[in-house]
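Have a look at the sequence and the structure first.

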Amino acid sequence: MKVAIAGYGVMGHHHARVLRDQGFDVVTVDPAGHADCTDLRQADCHAVVIATPADQLHATALLAHELDMEVMLVEKPGATNLRCLTHLQACYPNAAVGYIERHNPALEAMNANLYRVGTVLNVKATRTGQASRHTVDPALDLATHDLDALAYLDIRVKPAAFTNDGATLNVLFDRGTLTASHAHPTKRRSLHVLGTEGELVCDYQAQSLTFLYPGGEQDLSPAPAEPLVRMWQAILEGKPHATTTDAYPTLRTALTLLCPTPEPVLTAASSCHTSEAHAATSASTPDPLEPRLRTTKPLPTTEAKTGEH
């Protein structure tokens, strides 16, 4: 089977490598060059994996739909707004979304051993590192992984407050915290789940799992394996994996944690035009697919502003 990889950056290279190892004939596509072709129309493939920057995911999926191509996978978060993700769901309800941590052996082991902690009291998710080439808000680029991981574990948390300066996101949940940052000198990926009977500590990078309990600890680390390979095996074998349906609640939460958009500075010359625009906007019907959720309030150091993202 011939498969196109749309977007030949870091993840595109990894997807191409794994699919070639699985026996697929891979054609790479990237308008920036350094690929087999620069346009998806030139690929002549039946299926496509979309690994473009986040703001191009939906447009690439639309083009694939026009070309009657099957979308096997779209990288997380699937889209950058709920309307586009809903459209993606309608076109490709079975398409996988690249939430790779679900297939990390350490998180799978945490899921299997979650009963050990008893009733979950608190979670602490950490995902930090240096800036990526594409300046994507950490709520969309990083935190979505941890929000999906918690959904996979069936641990329900509700954001209560947050700060986000565009590089670092700190979230206070009703029972825990999340830190996602592109401004940290070291790369860290971990999840702590504290319960009435003990605590599980998952290190995604080391693929280790430790159970801490009163009076001791136990190493529950699984055999190491590459999460991306395991994800593709699950997709190709029809085993559980994240889909566009799973991606919706994750994106919905992430959108409430975006870096606030500054209010425009009004001048005497522009104030009347702004008032007219505001009146027209107020008279329109809100889009139910993109609610302006403010149930999540920023911490006092950050003033909440609502805008289109």
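## Two helices side by side

Two packed helices are described by the angle between their axes and the distance between the axes. Here, helix 3 (residues 82-91) and helix 8 (residues 244-255) pack at about 180°, and their axes sit 10 Å apart. Axes are lines fitted to C-alpha atoms, for helices over the stretch in contact, with angles from 0 to 180 degrees between N-to-C directions.

Who touches whom? On the helix 3 side you'll find Leu 82, Leu 85, Thr 86, Leu 88 and Gln 89; they meet Thr 244, Thr 245, Ala 247, Tyr 248, Leu 251, Arg 252 and Leu 255 of helix 8. Contact means heavy atoms within 4.5 Å.

## What you're looking at

This is a predicted model, so local features need pLDDT of at least 70 and side-chain atom pairs count only at pLDDT 80 or more, while totals for chains, interfaces and linings use all residues. Residues are numbered from 1 along each chain as its sequence is written, and side-chain values use heavy atoms, with hydrogens and water left out.

The chain has nine helices and 14 strands; these are DSSP runs numbered from the N terminus (helices H or I, at least four residues; strands E, at least two). Of its 309 residues, 48% are buried, where buried means under 20% relative accessible area, exposed over 50%, and partly exposed in between (1.4 Å probe, protein chains only). The chain exposes about 15,300 Å², and carbon and sulfur atoms supply 53% of that. Accessible areas come from the Shrake-Rupley method with a 1.4 Å probe, and for residues only the protein chains shown count as cover. Take the contacts between residues at least 6 apart in sequence: 66% of them join residues at least 24 apart.

## Salt bridges

There are nine salt bridges, each a side-chain nitrogen of Lys or Arg within 4 Å of a carboxyl oxygen of Asp or Glu. In one of them, Glu 226 meets Arg 17 at 2.6 Å, N to O. Glu 226 belongs to the loop between strand 13 (216-219) and helix 7 (227-236), and Arg 17 to helix 1 (residues 10-21), so this pair ties together parts 209 residues apart in sequence. Both partners are partly exposed: Glu 226 at 33% relative accessibility and Arg 17 at 32%.

Asp 146 and Arg 127 make another, with the closest N and O atoms 2.9 Å apart. Asp 146 sits in helix 6 (residues 143-152) and Arg 127 in strand 6 (residues 120-128), so the bridge links parts 19 residues apart in sequence. Asp 146 is buried at 2%, and Arg 127 is buried at 2% too. Shared partners join Glu 101, Arg 127 and Asp 146 into one network. On the Asp 39 to Arg 41 bridge (2.9 Å, N to O), Asp 39 is partly exposed at 23% and Arg 41 is exposed at 54%.

## Helix 6 and what follows

Eight of the 10 residues of helix 6 are buried, so it is largely enclosed by the rest of the structure. Among the buried ones are Thr 144, His 145, Asp 146 and Leu 147.

Just after helix 6 comes Asp 154, with a positive phi of about 60°. Asp 154 lies in the loop between helix 6 and strand 7 (159-164) and is exposed, at 53%.

Most residues other than glycine have a negative phi, and most peptide bonds are trans. Gln 207 also has a positive phi, near 55°. Gln 207 is in the loop between strand 11 and strand 12 (208-213) and counts as buried at 12%. A cis peptide bond joins Lys 76 and Pro 77, with omega about 5°; Pro 77 is in the loop between strand 4 (70-74) and helix 3.

Cys 84 counts as buried at 19%, whereas Cys 91 is partly exposed at 23%.
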